[in-house]
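Let's take a walk through a protein together, one piece at a time. Keep the picture in view as you read and try to find each part as it comes up.

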Amino acid sequence: MAAAKPTHGSATSLDHFGFKDAKSYKPATERLSLAEAVKLPVGKYRNTKVVCTMGPACWDVDTLGKMMDIGMNVCRLNFSHGDHEAHGATVERIREAAAARPHLHVGILLDTKGPEIRTGFFADKGGKIQLKCGQNLRIVTDYSFLGDASCIACTYEALPQAVVPGNKILMADGSVTVTVTSIGDGFVDTRVENDAAIGERKNMNLPGVKVDLPVLQPKDVDDLVNFGIPQGVDYVAASFVQSAADIALIRETLGEAGADIKIIAKIENQEGLENFDEILEATDGIMVARGDLGMEIPPEEVFIAQKLMIERCNLAGKSVITATQMLESMTGAPRPTRAEASDVANAVLDGTDAVMLSGETAGGAFPLEAVQCMVSTSMEAEKMINYEIARKAVANKGGYAHTIFESTTSAAVKTSLETGAKAIIVVNDNERILELTVKYRPQVPVILATTNAQKARQTSGYNKNVYPVVVADADPSTMGGEAIAQITAQGFAEAGDCVVMIMQLADSICESPIVRCVQL
């Protein structure tokens, strides 16, 4: 008997995902051939968000607009490069492109330079030095020293106190490995482990060594106070976060003027992994920054760290971004490698809220193709998710809900599955209700009705499956109706469809949320 053909019905219906009926939620892939299962149609809406790094390859208004149309949700400004003037001009162009697309809510992320350790300058200014396997290389802490192939400077004054003989030091994204052989006053002697040519000011990593540098360097404070706050950025991605105290320092630096800016902690070293739980509790979101993390811990352990961080963020109801080298080959090629596409898909299946492009959009030859590949791959992965199993897995791993808010949001997601609702509408500005709704892995779009444009950009940018609508009236009794009008106009639902609405209505007893099913 021939295998049943996949249903090509509504993108947000249970049938679209091959469910046998509205009660079992069981994907019907066992009734399909392998070829047919692979060709199951993708959904109408994308859950996973896409963060794109700005650079000369993409920062003109026309290209930015095209990237937004394809699916870019957040524009990342990398403050390891550029000055305030250049980044300010980029912000202007982003907002010009976004203004022509009022239905999209595109966020801006300031990524701090952070406490990086870098090599120094050379006597042959702007040139490269040739290192040979087995040679001695002295690293001095006097940063004014102009180096050569036998001796180079570094920015970390405490290097001699931080390392011991036998420690590895990685330079230039791991392209050079040296082993510490001896330590002196103001210098470290090392043995070069591989032939390489490196340029000036390359990054240095000290695997397994606690780097005693503040999370915010003077440049970072200046970037936050004199650029991020005045420019109204939506997020700060803080490099090399190692503790909850680091998050507290960043919040203190942002102050009242920057209190609405979301903090995303970048986990990039062993200390960040060891203190992950306290960091997660203190921060608004997490970035799995696999570049430096892969220098600080063995690369074969990075995938384990990634999966566990995503899982813990999911259980906490907090957003997580997976970053670095996701489609690296697309800096010079119009198609990714199969391994890269699988990497993106696996991050989506693990539960990441967003995936990030770095050099692919900042300086690559195919920025539009890279964004399209991210979008397409994410949607292909999402079509294979069994949302009822995903919802139950969250509930089982995290234990049963103990708060009114969590019980209510969990029930709302279950109701949306059972009724075949086309959307869940969160009618208030309580972000915790939104986060807890997303936590229980709804199958349909989560519509946030908000009066706050920044909140719309923030939730659209790093909360998976969230589509905000900005409404004029803050009265919960009218916000729902205005949100329904907007999502109907945008094609999320139509007359006769059911939507689930979560509302927080204050009365004389309490301000508990309630769930309503509404047929349009």
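This is a predicted model: local features need pLDDT of at least 70, side-chain atom pairs count only at pLDDT 80 or more; totals for chains, interfaces and linings use all residues.

Strands of a sheet pair through backbone hydrogen bonds, either parallel or antiparallel. Here, 7 strands make an open sheet, and their order across it is 4-12-8-9-10-6-7, with mixed pairing. At the edges you will find strand 4 (117-118) and strand 7 (151-153); each has a single partner strand, so one side of each is left without a neighbour in the sheet. For strand 4, the antiparallel pairing with strand 12 (residues 203-205) consists of 2 bridges. Look for Arg118, whose bridge partner in strand 12 is Asn203.

Now move along to strand 10 (residues 187-192). Which strands pair with strand 10? On the one hand, strand 6 (residues 136-140) runs antiparallel to strand 10 and is joined to it by 5 bridges. Within this pairing, Val140 has Phe187 as its bridge partner. On the other hand, strand 9 (residues 176-184) is also antiparallel to strand 10, with 6 bridges joining the two. In that pairing, Ser182 stands opposite Asp189. Strand 9 and strand 10 form a hairpin with 2 residues between the strands, and in this hairpin Gly186 takes a positive phi near 85°. Is strand 10 enclosed or open to the outside? Of its 6 residues, 5 are buried, so strand 10 is largely enclosed by the rest of the structure.

Strand 21 pairs in the parallel sense with strand 18 (residues 423-427) over 5 bridges, while 7 bridges join strand 21 to strand 22 (residues 513-519) in an antiparallel arrangement.

Next, the nonpolar cores. The largest one has 60 residues, and Met54 and Ile286 are those with the most contacts inside it. Helix 13 (residues 367-382) gives the largest share of this core, 6 residues. A second, separate core has 25 residues, including Leu137, Met171, Leu206 and Val209. Going back to Met54, what does this residue touch? Leaving aside residues up to four places away in sequence, its contacts include Trp59, Leu64, Met72, Ile94 and Ala362.

Let's now visit the surface. Phe303, Ile304 and Leu308 make a nonpolar surface patch of about 280 Å². Leu308 sits in helix 10 (residues 299-316). Its relative accessible area is 41%, so Leu308 counts as partly exposed.

Our last stop is Asn269, in the loop between strand 14 (262-267) and helix 7 (270-274). Is Asn269 buried or exposed? Its relative accessibility is 7%, so Asn269 counts as buried. Among the residues Asn269 touches are Phe240, Gln242 and Glu296. Asn269 and Ala289 are 20 residues apart along the chain, and their C-alpha atoms are separated by 9.2 Å.

Notes
Residues are numbered from 1 along each chain as its sequence is written. Side-chain values use heavy atoms; hydrogens and water are left out. Buried means under 20% relative accessible area, exposed over 50%, partly exposed in between (1.4 Å probe, protein chains only). Helices (H or I, at least four residues) and strands (E, at least two) are DSSP runs, numbered from the N terminus. Two strands pair if DSSP finds at least two bridges between them. A nonpolar core is a set of buried Ala, Val, Leu, Ile, Met, Phe, Trp, Tyr and Cys residues joined through side-chain atoms within 4.5 Å. Contact means heavy atoms within 4.5 Å. Patches are made of residues with over 30% relative accessible area and no salt bridge: like charges are joined within 9 Å, nonpolar side chains (Val, Leu, Ile, Met, Phe, Trp, Tyr) within 5 Å. Accessible areas come from the Shrake-Rupley method with a 1.4 Å probe; for residues, only the protein chains shown count as cover. A salt bridge is a side-chain nitrogen of Lys or Arg within 4 Å of a carboxyl oxygen of Asp or Glu.
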